[in-house]
Amino acid sequence: VNDTAPKKHQRMFTHATFPRENRPQMPQKGAADLKKYFGSIPSGEPSWSQYADFHLLLYLAEAIDEHTAITIAEAIRDRKEVPEGAQTLVKAIAGLS
């Protein structure tokens, strides 16, 4: 009997649509993939939920820097708004600013 399991399971990641890593048949990811991803996410979602895709975080860590990806991951974990500076940087790379 496991008495330490959470009473309610809460998924950290709400999306799984960003292109996967290590797929030889998929081309290199870039700004077009970011733009397509954010275009498919409802704008009314909280910012933490918009960024809650594991492969998106991997890409951001590689394309921008690990610190920014960690900041976004912490916002996802805590269900808090992603800092405006991080959002602005990602949207600028995606060509959405």
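Student: What makes the crossing of α1 and α3 left-handed?

Tutor: A crossing gets that label if the near helix is turned anticlockwise from the far one by less than a right angle, clockwise being right-handed, and α1 passes α3 in the left-handed way. This is a predicted model, where local features need pLDDT of at least 70, side-chain atom pairs count only at pLDDT 80 or more, and totals for chains, interfaces and linings use all residues. Residues are numbered from 1 along each chain as its sequence is written, and side-chain values use heavy atoms, leaving out hydrogens and water.

Student: Which residues meet between α1 and α3?

Tutor: With contact meaning heavy atoms within 4.5 Å, Ala31, Leu34, Tyr37 and Phe38 in α1 meet Leu56, Tyr59 and Leu60 in α3.

Student: How do you know which residues of α1 are buried?

Tutor: Buried means under 20% relative accessible area, exposed over 50%, partly exposed in between (1.4 Å probe, protein chains only). Leu34, Tyr37 and Phe38 are the ones in α1 that count as buried. Down the helix axis they fall within an arc of 90° (taken from the directions from the axis to the C-beta atoms), so they line one face of α1. On its other side, Ala32, Lys36 and Gly39 are exposed.

Student: And what covers the buried residues of α1?

Tutor: The cover includes α2 (47-50), α3 and α5.

Student: Which residues does Leu60 touch, leaving aside neighbours within four places in sequence?

Tutor: Leu60 is in contact with Leu34, Tyr51, Asp65, Ala69, Ile72 and Val90.

Terms used:
Helices (H or I, at least four residues) and strands (E, at least two) are DSSP runs, numbered from the N terminus.
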